[in-house]
Amino acid sequence: MNKFDVEKITAEYLKPVYGFALKRCANLQDAEDLTQDIMMKLCRALPIRDDIGDIGKYVWTVAHNALSNYYRDGAKNYVGVSIDEISDTLSDGSSDIETDLIMSETAAKLQSEIAYLSKLQRRIVIAYYYENKKQGEIAEELNIPVGTVKWHLFEAKKELKRGLENMRESSELKFNPVKFEICGTNGCVGSKGDNENFFRSSLSQNIAYSVWKEAKTVNEIADDLGVSPVYIEDEAEFLEEYGFLIKKGDKYLCNILIDEMPEEITKLQDEMYEKAAKIFANEVYDELNNSDILDNEANIFGGVSEDFTYHSSPIPKRDRNFFMWALVPYILSLSGEKLADKTVSFEEAATLRPDGGHNICWAVVDHSKSAKPKYFEGLKQLCVPYLVKENELSLWQLDSEWTGKRVTGDYYIHAQRCINLINRQENGGELNEEEIAFLHERGLIKTVLEFPDEYHGCLKAAPLCVWINGKEVKKTLIAIGDRIKEKHFAKFEALKKPYIEAVLKETPKHLYKMQKYGLQWLFFLDGKFILHCLNELVNSGRLRPPTEDEKKSLSTIIISE
């Protein structure tokens, strides 16, 4: 190549090469030195080369090689470069051990930063830089315009450079993740079961906790938790699909109630429940105990726990204590509903989930660092009353620390079968031995089999749980609680007020309505209140703890209307 052509080419490329160097060097002096180095290499090479087909491609090849040397000479300057320069440098095999180590660390940092790109950008960057695909191929594969591919590559370079330049800060959740001690369901579950099934992993729990009070992007959540955004992305999408997170733009926000109240509010809660339970539990117990209901009401029966024979009376003497374990929490949970504030409806507060569930999810964070609410261990075992109904027959059941664990993931299926079998028997149908054994195993009936050879199995059954027969006796029972709650309404409202105000003050605004709905039911359909009332009666000796045999049928009622 003649001298005139060389001078023309170097003059033409001087400014673009200087701009190239300015963007990639740590300072102005280095940019000038790099530009001079590139131009000198061109001036030496061009006159002796006659085989250059594409001048532009050759110039930029020389420029990139010179840049690689610049990075190797000042290896510590790797942080702050763009993906293009790093990919060029990493592909060069001529380096010493120290440089290899620095380049390896930079490559690891780069790969980590790629995880912070959006899903589409991540796919494009990997395809372009790691799979060596052309932009047109990527566009065809992803069914997007080539211009969109180019734009995403441009944006990805900026994001990667920003990430390499800045140290990411993780929150305390990285080394001290939260743990949900309890995860509950207020409302009906869907085909995937209780809400706790969605929050079995530490990842899902901490994602929800991270966005409990403020909306965050996937990258911000990942920074909080100190994990790759790739894992956050999939889990957040799944939680959002089932309504446990809400997505606003590119940010997620928690859609469950998380209880991590300060010690002052925990103390307010304990005082409120203790005072209310002392009043209500004892008055309900006294009214039941002084009435004829337990001994003489023919439409309340069951509780056959003692042994009986095929020819004995199916209704032996009633165990008043066993009946109290069922009737007291039943009255507690269903009475006084007309007195409750219903400003916020269930439909306004609850989430309708894709699996058919319609509920409010709530969780209690591990209280290991703070004072636990009174009877907290009992609360972990408590399952608020379940009512499963079919036609005129209902099954009401409460799980607590004193009962067997009946309410499991397949509870609704088993409860539905129980009701269907009892309905069939009540309408004159016969049950086979396997069906009777199923009801016995669920704690609903007690059976005896006599003379199995002579009579081919004379099977006799008696109700093991409590049975309420008819609407009138049901009304009579609930009316007891209605009268007591109405009598002490003003006192109970005064007890609730400071607690409600304190809880709402701590509640994030986007969860205010959901929280308000739950607070409306304090002392009504309220599992914590039931727990405090039962403990009040057990601690005072008025309720005797059940025997092992009684636990599977305790606090279980069949209601026939």
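Which residue stands opposite leucine 387? Tryptophan 396 in β10 does.

Before going on, the conventions. This is a predicted model, where local features need pLDDT of at least 70, side-chain atom pairs count only at pLDDT 80 or more, and totals for chains, interfaces and linings use all residues. Residues are numbered from 1 along each chain as its sequence is written, and side-chain values use heavy atoms, with hydrogens and water left out.

Helices (H or I, at least four residues) and strands (E, at least two) are DSSP runs, numbered from the N terminus. Two strands pair if DSSP finds at least two bridges between them.

Now the sheet. It is open, has five strands in the order β6-β13-β14-β10-β9, and its pairing is mixed. For β9, six bridges join it to β10 (residues 393–399) in the antiparallel sense.

Helix α14 (residues 320–334) packs on this sheet and touches β6, β9, β10, β13 (466–469) and β14 (556–560); contact means heavy atoms within 4.5 Å. The direction of α14 makes about 55 degrees with that of β13. Axes are lines fitted to C-alpha atoms, for helices over the stretch in contact, and angles run from 0 to 180 degrees between N-to-C directions.

Last, the cysteines. A search of the whole structure gives zero disulfides, a disulfide being a pair of cysteine sulfur atoms within 2.5 Å. For cysteine 183, the nearest cysteine sulfur is that of cysteine 361, 3.8 Å away.
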